[in-house]
Each structure stands twice: as C-alpha cells, then as structure tokens.
Amino acid sequence: MEAVMEAIIIQHGEAVDSSVNQERPLSQKGRNQCNKFAEFLHIINWKPDIILHSGILRAYESAAIVAEKFDCQVAISNSINPKDNPDAIIQYLLQEKRNIIVVTHKPFIDVLIARVLSTSQTGIMTITNASPVFLSSDGDMLYCKAYIPETMIDAIIRSFSNRQS
C-alpha cells in the first residue's frame with residue numbers, strides 16, 4: 001500500500017488561561033512548543049505543503065509559527081473546531097494529495113484520532129500541545145502511523161544537536 005497523503009494532526013501550543021486573556025493566545029511555552037515542533041519537522045525532513053487551522057487565535061498562532069519556518073500556505077478550515085464532527089476533515093484528508101498539518105483543539109483531536117483508530121473510545125492516546133499525530137492515506141482509509149509526545153521531540157532535538165556539535 002502506497003500512501004498518497006501524509007498529514008500531521010496537532011493540538012495548538014499551550015495557551016494562556018482565559019482569566020488572563022479571553023482570546024487565549026499562545027503562552028511563551030506554547031510558542032516554544034510550536035518552534036520545537038517545526039525544528040523536529042526539519043530534523044526528520046518533513047515539509048508541509050499547507051497548514052489548516054480552526055481560525056481560533058491559539059490555533060492560528062501555532063500554524064503561523066510553523067508556516068513561517070517552511071514558507072507554506074496557511075488556511076482556515078471550518079470543520080476542525082473543538083466540538084465539530086471529524087467526518088468532514090476525514091473526507092478532506094482522504095482526497096488530499098499534499099503533506100498537510102491540521103492544527104486543532106480538544107476534544108476534536110481526541111474524537112478524530114478515535115475515529116481513525118475505528119473506536120468510539122476517546123483518550124486512547126494522551127495527546128499534548130504541539131505533539132504530532134502522523135496519519136497517512138491510501139485514498140480509501142486513514143491510518144495512524146505514529147504519535148510523538150513533546151518529551152520525545154525534546155529528546156530527538158537534543159540528540160540531533162549533539163551529533164551536529
């Protein structure tokens with residue numbers, strides 16, 4: 001089976017609490033998470049052609065940080081908001097041919113991943129901010145290839161940096 005599309009699904013970087021700012025922009029930690037995610041993609045030589053985000057500020061900021069590193073297209077998707085049904089983005093990904101990053105939110109990301117894994121049970125994986133879930137498609141089905149938690153991204157970046165020294 002040869003994949004025709006690869007996608008990365010991430011939850012936006014950490015946002016400030018709504019008691020600090022109602023719009024919940026990224027915190028400094030969230031910006032750092034997104035920069036590390038982009039660095040990780042460079043290390044593994046994975047370049048997005050397009051980044052979709054929900055239009056919510058924290059998702060937009062996460063997408064913009066990564067897009068700046070890769071000079072790629074950024075677009076809003078109206079079907080990846082926190083309480084949306086994942087069927088529309090699943091159909092979109094099944095038809096897509098480009099490398100794509102989808103920056104979304106909880107609980108949407110948990111429901112999407114459960115659907116890809118053909119289960120109704122959410123929370124099978126503890127998905128954290130700016131930690132990628134890799135998907136691929138053969139045009140008929142989506143496959144979950146890997147989940148790389150933030151601690152693993154940090155370890156990969158350190159290892160790569162040590163080899164470069």
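Visitor: Which residues of α2 are buried?

Guide: Welcome! This is a predicted model. The buried residues of α2 are Arg58, Ala59, Ser62, Ala63, Ile65, Val66, Ala67 and Phe70.

Visitor: What makes Val66 count as buried?

Guide: A residue is called buried when its relative accessible area is under 20%. Val66 has 2% relative accessibility, so Val66 counts as buried.

Visitor: Which residues is Val66 in contact with, leaving aside its neighbours within four places in sequence?

Guide: Contact means that heavy atoms lie within 4.5 Å. With those neighbours set aside, Val66 is in contact with Cys34, Phe37, Ala38, Leu41, Ile51 and Ile101. Take Ile51 as an example: Val66 and Ile51 are 15 residues apart along the chain, and their C-alpha atoms are separated by 8.4 Å.

Visitor: And which elements do the buried residues of α2 pack against?

Guide: They pack against helix α1 (28–43) and against the strands β2 (50–53), β3 (73–76) and β4 (100–104).

Visitor: How do you know that the span of α2 is close to the expected one?

Guide: Helix α2 covers residues 57–70, which is 14 residues. The expected span is 1.5 Å times one less than the number of residues, and for α2 this gives 20 Å. From its first C-alpha to its last, α2 reaches 20 Å, close to that expectation.

Visitor: What follows α2?

Guide: Asp71 does, and its phi is positive, near 50 degrees. Asp71 is in the loop between α2 and β3.

Visitor: Why is Asp71 called exposed?

Guide: Exposed means over 50% relative accessible area. Asp71 has 72% relative accessibility, so Asp71 counts as exposed.

Visitor: Is Ala130 buried or exposed?

Guide: Ala130 has a relative accessible area of 3%. The cut-off for buried is under 20%, so Ala130 is buried.

Visitor: Which residues does a cis peptide bond join?

Guide: Lys106 and Pro107 are joined by one, with omega at about 5 degrees. Most peptide bonds are trans. Pro107 lies in the loop between β4 and α4 (108–116).

Visitor: Now for the whole chain. How many helices and strands does the chain have?

Guide: There are five helices and six strands. Starting at the N terminus, their order is β-α-β-α-β-α-β-α-β-β-α.

Visitor: Why is the chain called as compact as a globular protein of that length?

Guide: Its radius of gyration is 15 Å, and the globule rule gives 15 Å for 165 residues. The two values are close, so the chain is as compact as a globular protein of that length. Along its principal axes, the C-alpha trace spans about 40 × 40 × 30 Å.

Visitor: How many of the residues count as buried?

Guide: Of the 165 residues of the chain, 46% count as buried. The accessible surface of the chain comes to about 8300 Å², and 48% of that belongs to carbon and sulfur atoms.

Visitor: And how many positive and negative side chains does the chain have?

Guide: The chain has 15 positive and 18 negative ones, and the centres of the two sets lie 4 Å apart.

Notes
Residues are numbered from 1 along each chain as its sequence is written. This is a predicted model: local features need pLDDT of at least 70, side-chain atom pairs count only at pLDDT 80 or more; totals for chains, interfaces and linings use all residues. Side-chain values use heavy atoms; hydrogens and water are left out. Helices (H or I, at least four residues) and strands (E, at least two) are DSSP runs, numbered from the N terminus. The radius of gyration is taken over C-alpha atoms; the globule rule is 2.2 Å times the number of residues to the power 0.38. Buried means under 20% relative accessible area, exposed over 50%, partly exposed in between (1.4 Å probe, protein chains only). Accessible areas come from the Shrake-Rupley method with a 1.4 Å probe; for residues, only the protein chains shown count as cover. Lys and Arg count as positive and Asp and Glu as negative; His and the chain ends are not counted. The place of a charge is taken as NZ of Lys, CZ of Arg, CG of Asp or CD of Glu.
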